[in-house]
Amino acid sequence: MAEESDLEKTEPASARRLEQAREEGQVPRSREVGAFVILIVAATAFWLMGPWVMQRMAEIFRRGLWVDSRLAREPTMMLVRLAEISLDALLIFVPLFAALVAATLLSPFFLGSWNFSMKALQPDLSRLDPLKGMARLVSWSGLVELVKAVAKASLLGGVAVWILWSERGDLLAMFAQSLPVSLSSAGHLLTFSFFAIVTAMLLIVVVDVPFQIWQHHDKLKMTREELKQEGKELEGNPEVKGRIRQLQREAARKRMMAAVPAADVIVTNPTHYAVALAYKSGMVAPKVLAKGVGEIALKIRQVGAENAVPIIEAAPLARALYRHVDLDQEIPATLYAAVAEVLAYIYQLSNWHQTGGNYPMPTLAMTVPDELIGETANG
C-alpha cells in the first residue's frame with residue numbers, strides 16, 4: 001500500500017514544478033475570459049464611437065451613391081474612387097480593431113500574465129498522432145470540455161429564447177411602427193439583449209476561471225517520490241553531501257597534520273586536548289596551527305613527537321585555546337601572558353639542548369580566565 005501511495009499523484013505541485021510548466025507553456029487558460037473581455041470592449045467601443053461611426057458611414061454612403069458623369073466614362077477613375085471609399089471605411093474601424101487587439105492581449109492578465117515560451121513553439125509530431133488524438137477526445141478532460149460546451153450553449157441559447165419570448169409583443173409591434181419609432185424600439189431591445197447575454201457570459205466566466213486554475217494545478221500534481229527526488233536535486237543527495245563533507249574533513253585534517261611539524265610547542269590536557277602553536281618572526285601573536293580532541297589530539301601528539309616538537313601539559317590553557325581560537329588564527333590578548341610562559345619555557349629547553357647544564361624544570365603558574373576555560377574536562 002505504501003508503494004502505491006508513493007506512485008499516486010496526491011501532492012500539490014512544487015514551486016519548481018509550476019515554473020517548469022510555465023517555461024513549457026503550460027499555464028491556466030480560459031477562453032471564456034477572452035470572449036467576455038472582447039465582448040465588453042467591443043460594446044464599449046460601439047457605445048462611445050457609435051454616433052461618430054454612423055456619421056462617417058453616412059458620408060461614405062453619400063459619396064458612394066453619388067455618380068459623376070465624368071467618372072462613368074473613365075473606368076479606371078471609378079476603381080480609384082472605390083479604393084478611396086474602401087480605405088476611408090477601413091480607417092473608420094481602425095480604433096475598434098485596436099481596441100479588440102488590446103482586449104485580446106490583456107485578457108491573459110485575468111489569469112496571471114503573458115507567457116511566452118519557446119518550448120511551446122517547437123514542433124511536436126506526437127500531436128499529429130491520430131491514436132493520441134482519439135485518446136484525448138475520450139479522456140476525462142475531453143468529456144469535461146464537452147460538458148462545458150453543451151452547458152454554455154444551453155445557457156446562452158436559453159437566454160436568447162427567453163429574450164425572444166418575453167419581448168415577442170414588442171417585436172411584432174415594430175412592424176406596425178414608423179421607421180424612427182421602430183429603430184428606437186430595436187435599439188432598446190438590443191441593449192436589453194446585450195445585458196442579458198453579458199450576464200450569462202459573466203456567470204460562465206465565474207465558474208470557468210476557478211475550474212481552469214484547479215484543473216491546471218491538478219494536472220501538475222506530483223507523487224511523493226517525485227517530491228523526494230526534486231528535493232534531492234535542489235538540496236543535493238544526503239549521502240553524496242555527507243560523503244563530500246567527510247572528504248572535506250579528511251582533507252582539512254591532513255593539511256592540519258602537515259602543519260604540526262612547523263609548530264613550536266604542543267599544549268595538551270594531557271590526553272583529551274592538543275593544540276599546536278607557532279610563533280615566528282613577523283607574527284603579531286602566536287598562531288594555532290592544529291587542534292583536536294580524542295583521537296585527533298593523540299595524532300597531533302604523535303606527529304609532534306616524531307618531529308621533536310616540545311609537548312607541554314597545561315590543561316586550562318589547552319581547553320581555552322581549543323574552544324576559542326580557530327585554525328590559523330592568532331591567540332586573543334587575554335591569553336598572551338599564559339602562552340608567553342609556555343614559550344619562555346620552550347626557549348629555555350632549546351637553550352639547554354644547545355649549551356647543556358641543568359635541565360630546566362617547568363614552573364608554569366599561568367593564569368587563564370575562567371570564562372575561556374569552560375567546564376573542567378577529565379584527563
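Visitor: Why does Asp264 count as buried?

Guide: This is a predicted model, and the values are computed from it. Asp264 has a relative accessibility of 18%. Buried means under 20%. The value falls under that cut-off, so Asp264 counts as buried.

Visitor: Where does Asp264 lie?

Guide: Asp264 sits in a loop. The loop runs between α13 (238–259) and β1 (265–268).

Visitor: Which other residues are in contact with Asp264, leaving aside neighbours within four places in sequence?

Guide: Among them are Leu277, Ala278, Lys280, Val309, Pro310 and Ile346.

Visitor: Why are α3 and α11 called roughly antiparallel?

Guide: Two packed helices are described by the angle between their axes and the distance between the axes. Helix α3 covers residues 31–65, and helix α11 covers residues 179–219. They pack at an angle of about 150°. Angles over 145 degrees count as roughly antiparallel. Therefore α3 and α11 are roughly antiparallel to each other. Their axes are 9 Å apart, and their crossing is left-handed.

Visitor: Which residues of α3 and α11 meet?

Guide: From α3 come Glu32, Val33, Ala35, Phe36, Leu39, Ile40 and Ala43. From α11 come Phe194, Val198, Met201, Leu202, Ile204, Val205, Asp208 and Val209. The residues of this contact divide into 13 nonpolar, no polar and two charged.

Visitor: What makes Glu32 and Asp208 charged in that count?

Guide: Asp and Glu are on the list of charged residue types. Glu32 in α3 is a Glu, and Asp208 in α11 is an Asp, so both count as charged.

Visitor: How do you know that α3 is roughly antiparallel to α6?

Guide: Look at the angle. The axes of α3 and helix α6 (residues 94–106) cross at roughly 155°. They come within 9 Å. The cut-off for roughly antiparallel is over 145 degrees. That makes α3 roughly antiparallel to α6. Here α3 passes α6 in a right-handed crossing.

Visitor: Which residues make the contact of α3 with α6?

Guide: On α3 they are Val37, Ile38, Val41, Ala42, Ala45, Phe46 and Met49. On α6 they are Pro95, Leu96, Ala99, Leu100, Ala103 and Thr104. The residues divide into 12 nonpolar, one polar and no charged.

Visitor: Why is Ala45 called buried?

Guide: Ala45 has a relative accessible area of 8%. Buried means under 20%, so Ala45 is buried. Ala45 is found in helix α3. Leaving aside neighbours within four places in sequence, Ala45 is in contact with Gly50 and Leu96. The C-alpha atoms of Ala45 and Leu100 are separated by 9.0 Å. Along the chain, these two are 55 residues apart.

Visitor: What makes Ile296 partly exposed?

Guide: Ile296 has a relative accessible area of 25%. Ile296 is found in helix α14 (residues 295–306). Beyond neighbours within four places in sequence, Ile296 is in contact with Arg253, Met256, Met257 and Lys291.

Visitor: Why is Lys221 called partly exposed?

Guide: The relative accessible area of Lys221 is 29%. That lies between 20% and 50%, so Lys221 is partly exposed. Lys221 lies in the loop between α11 and α12 (224–235). Leaving aside neighbours within four places in sequence, Lys221 is in contact with Lys9, Glu11, Ala13 and Glu226.

Technical notes
Residues numbered from 1 in each chain as written. Predicted model: local features only at pLDDT ≥ 70, side-chain atom pairs only at ≥ 80, totals over all residues. Heavy atoms only, no water. Helix = DSSP H or I, 4+ residues; strand = E, 2+ residues; numbered from the N terminus. Buried < 20%, exposed > 50% of the residue type's maximum accessible area, 1.4 Å probe, protein only. Contact = heavy atoms within 4.5 Å. Axes fitted to C-alpha atoms, helices over the stretch in contact; angles between N-to-C directions. Parallel < 35°, antiparallel > 145°, perpendicular 65-115°, else oblique. Left-handed = near helix turned anticlockwise from the far one by under 90°.
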